[in-house]
Amino acid sequence: MVNQLERSATSIGANIREANYAHGKADFIAKLQIALKECYETEYWIEIFVKSDILGREAARELYTLCGTIRRMLISSINTAKEPKA
């Protein structure tokens, strides 16, 4: 489970970094969407850690807050990138 959490959490940053070097708008959006999916997966693993008593609720609350912030920024970035140019 630790390996899965590490993989999903680090994948968020890796895909955001890749988006910076995307080959066009569609590729940029696709990379951010992958990062968003990984963010949701990370939240899932945090939930599993709490349910398994591996992680305390207070520590989990901080991680959920961080994931939520990243998730909202990704959603906003994706929506902005999808807007047609004026």
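User: What share of the contacts in the chain between residues at least 6 apart in sequence join residues at least 24 apart?

Analyst: In this predicted model, the share is 68%.

User: Which elements make up the chain, and in what order do they run?

Analyst: The chain holds three helices and zero strands, and from the N terminus on the order is α-α-α. The C-alpha trace spans about 50 × 20 × 15 Å along its principal axes.

User: Why is α2 called roughly antiparallel to α3?

Analyst: The axes of helix α2 (residues 25–51) and helix α3 (residues 57–82) cross at roughly 165°. Angles over 145 degrees count as roughly antiparallel, and therefore α2 is roughly antiparallel to α3. The two axes come within 9 Å. Both values are given because two packed helices are described by the angle between their axes and the distance between the axes.

User: What is the hand of the crossing in which α2 passes α3, and what kinds of residue form the contact?

Analyst: The crossing of α2 and α3 is left-handed. The residues of their contact comprise 18 nonpolar, four polar and six charged.

User: How do you know that the span of α3 agrees with its number of residues?

Analyst: Helix α3 has 26 residues, and at 1.5 Å a residue these should span 38 Å.

User: Which residues of α3 are buried, and against what do they pack?

Analyst: The buried residues of α3 are A60, C67, G68, L74, I78 and A81. To be called buried, a residue must have under 20% relative accessible area. The buried residues of α3 pack against α1 (2–19) and α2. Over the chain, 30% of the 86 residues count as buried.

User: Why is Q33 called partly exposed?

Analyst: Q33, which lies in helix α2, has a relative accessible area of 31%. Buried means under 20% and exposed means over 50%, with partly exposed in between; Q33 at 31% is therefore partly exposed.

User: Which residues does Q33 touch, not counting residues up to four places away in sequence?

Analyst: Q33 touches I78 and K82. I78 is among the buried residues of α3.

User: How far apart are Q33 and V2 in sequence and in space?

Analyst: Q33 and V2 are separated by 31 residues in sequence and by 23 Å in space, taken from C-alpha to C-alpha.

Conventions
Residues are numbered from 1 along each chain as its sequence is written. This is a predicted model: local features need pLDDT of at least 70, side-chain atom pairs count only at pLDDT 80 or more; totals for chains, interfaces and linings use all residues. Side-chain values use heavy atoms; hydrogens and water are left out. Axes are lines fitted to C-alpha atoms, for helices over the stretch in contact, and angles run from 0 to 180 degrees between N-to-C directions. Helices (H or I, at least four residues) and strands (E, at least two) are DSSP runs, numbered from the N terminus. Angles under 35 degrees count as roughly parallel, over 145 as roughly antiparallel, 65 to 115 as roughly perpendicular and the rest as oblique. A crossing is left-handed if the near helix is turned anticlockwise from the far one by less than a right angle, and right-handed if clockwise. Ala, Val, Leu, Ile, Met, Phe, Trp, Tyr, Cys and Pro count as nonpolar, Asp, Glu, Lys and Arg as charged, and the others, Gly among them, as polar. The expected span of a helix is 1.5 Å times one less than its number of residues. Buried means under 20% relative accessible area, exposed over 50%, partly exposed in between (1.4 Å probe, protein chains only). Contact means heavy atoms within 4.5 Å.
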